[in-house]
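Have it open while you read, and follow along point by point.

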Amino acid sequence: MATAPRYHIRTFGCQMNVRDSEIVAGQLEQMGYERAHGDADADLVVVNTCAVRGSAEDHAFGYIGGLKAMKHERPDLTVAFAGCMAQEPGTIAWLKRHAPHVDVVFGTHNLHQLPDLLERAAGSREMVVDVWEASPEVQPNLPSRRADGTSAFVNVIYGCDKFCTYCIVPFTRGREQSRPMDDIVAEVRALAAEGYQDVTLLGQNVNSYGHDLEPALDLADLLAALEPLDGVRWLRYLTSHPKDFSQKLIDTIAASRKVTRHVHLPVQSGSSAVLKKMNRKYTREQYLDLVGRVRRAIPDAVLTTDVIVGFPGETDEDFADTLSLMEEVAFDTAFTFIYSPRAGTPAARWEGRNPVPEMLKKDRLNRLMALQYRISLEKNQAWVGRSDLVLVEGLSRKDPNVWAGRSETNKVVLLPREAGVDLTHRFVPVRISGARTFFLTAERTGDPVSAPLPEWTARVPVPLAL
Ligand code: SAH
Ligand code: SF4
Ligand code: F3S
């Protein structure tokens with residue numbers, strides 16, 4: 001009996017890529033593929049790439065390079081290159097030159113063509129390349145294979161129209177295109193009926209959701225439509241742009257029982273002059289006003305952010321403004337990046353004329369991180385002694401005697417493992433017992449919370465053997 005071919009997907013980049021990989025997996029399984037343990041036992045390896053920074057590209061190129069030897073040993077191995085890097089102008093030429101062992105290239109707009117492309121690649125000795133400039137008008141409804149039975153990503157808006165001057169995403173993901181609200185509600189309802197309780201709405205810019213629909217809607221309307229769905233415990237959304245974070249949205253989140261109290265508001269810089277050059281469309285003062293309004297309406301909100309240092313022309317004063325904003329807001333966590341020039345973006349041209357010297361970029365990053373680590377630790381220490389609910393993701397990769405999960409506010413929480421108790425993908429009530437810069441430790445205070453089950457299903461909760 002012939003065994004089924006096996007696939008392995010290596011995903012780089014953001015949650016949108018993770019979601020795309022689930023769709024790639026769904027299509028492959030529909031074609032009869034089975035999931036491999038890793039690339040070593042796969043017949044097909046799909047590399048889903050990210051182009052947001054040079055370092056992300058280096059990782060993908062490094063991985064592709066490593067597959068060369070594997071392909072040499074196993075000439076039947078099929079290698080597919082996908083994702084945001086495929087959408088960039090120079091990539092195909094680079095692959096043809098340096099990575100002829102790649103068999104198939106497809107982009108972010110034509111995932112649905114994968115079965116055809118694999119078929120074409122099977123009958124061809126040439127690299128099969130098909131990358132689209134834009135998405136189809138109507139997104140095809142594709143099968144997908146989600147990672148687990150509790151947490152689900154749901155696309156709500158594709159693309160980005162913001163064109164921040166440093167960013168490649170509007171070029172790799174195309175124009176904004178919202179999914180009809182009914183489709184999203186139907187998908188979340190179906191997920192809830194399958195037992196998914198933690199739903200994250202995805203878009204590069206989720207709070208411009210709905211402006212292109214007829215009639216126009218917004219993210220607050222969508223959250224309000226999802227709120228009554230039984231079975232959904234946590235509703236999250238990624239990523240939100242401060243410019244479109246409306247008062248209506250703040251009020252909707254404040255009134256919701258399900259939208260989590262984690263607000264990720266990428267600030268990028270604390271200097272109004274830099275923000276203007278970045279085309280972020282808000283000033284330092286407007287950002288601080290927004291933070292104040294969020295904190296007044298949602299007092300227990302945990303705020304996190306993204307910051308770029310070393311944007312072309314960033315002066316010592318600009319950077320000092322970033323540090324002072326970080327002190328003033330006191331985010332729980334910040335993702336900090338050194339500016340990475342992206343070919344074809346306006347800032348990449350400015351980088352040629354007016355770059356911040358490499359040493360200074362690194363020095364600024366270190367100072368920013370040192371400040372943030374101090375604040376993160378203080379913020380985390382304030383949680384010690386508090387009760388919380390943790391969604392356990394699995395055993396910690398570093399220590400198999402510890403469960404690792406996320407709190408409602410998206411903090412990493414570690415719990416001791418107990419003999420005979422499986423907490424995987426369960427919501428567990430805890431008391432926070434300790435704090436570090438990057439995580440909290442906790443003790444379990446009760447049984448895992450069972451799902452509030454959807455009324456229309458006959459499913460009976462399976463009691464956990466404790
Ligand atoms: N759409 C999201 C973020 C997408 S990229 C948003 O606007 O918030 C995630 C983060 O990567 C950005 O917030 C930014 O901080 C960082 N980033 C994007 N382009 C970058 C570049 N060219 N160099 C360094 N960091 C960058
Ligand atoms: Fe990039 Fe700006 Fe769009 Fe975010 S909002 S994806 S940073 S262009
Ligand atoms: Fe990277 Fe593309 Fe996401 S560039 S951050 S994978 S949208």
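The points below go through the ligand site and then one lysine.

1. First, a reminder that we're looking at a predicted model. Everything here is computed from that model.

2. Start with ligand 1. There are 15 residues around it, and those that come nearest are R53, Q204, Q268, D306 and S340.

3. Now the polar contacts. On the side-chain side, R53 has an N or O atom 2.9 Å from an oxygen atom of ligand 1, and D306 puts a polar side-chain atom 2.6 Å from an oxygen atom of the ligand. With S340 it's the backbone that takes part: one of its N or O atoms sits 2.8 Å from a nitrogen atom of ligand 1.

4. How much of ligand 1 does the protein cover? On its own the ligand has 540 Å² of accessible area, and the protein covers 90% of that. Two strands, β13 (302-309) and β14 (333-338), are the elements that give two or more residues to the shell.

5. As for the make-up of that shell, I get seven nonpolar residues, four polar ones and four charged ones.

6. Over to K68, which you'll find in helix α2 (residues 54-73).

7. Beyond its neighbours within four places in sequence, K68 is in contact with H98 and H101. D321 is another matter: it is 253 residues from K68 along the chain, and their C-alpha atoms are 47 Å apart.

Definitions and conventions: Residues are numbered from 1 along each chain as its sequence is written. Chains are lettered from A and ligands numbered from 1 in the order in which they are written. This is a predicted model: local features need pLDDT of at least 70, side-chain atom pairs count only at pLDDT 80 or more; totals for chains, interfaces and linings use all residues. Side-chain values use heavy atoms; hydrogens and water are left out. A residue is near a molecule or strand if one of its heavy atoms lies within 4 Å of it. A polar contact is a pair of N or O atoms within 3.5 Å; within protein, one must be able to donate a hydrogen and the other to accept it, and residues adjacent in sequence count only if both atoms are side-chain atoms. Accessible areas come from the Shrake-Rupley method with a 1.4 Å probe; for residues, only the protein chains shown count as cover. Helices (H or I, at least four residues) and strands (E, at least two) are DSSP runs, numbered from the N terminus. Ala, Val, Leu, Ile, Met, Phe, Trp, Tyr, Cys and Pro count as nonpolar, Asp, Glu, Lys and Arg as charged, and the others, Gly among them, as polar. Contact means heavy atoms within 4.5 Å.
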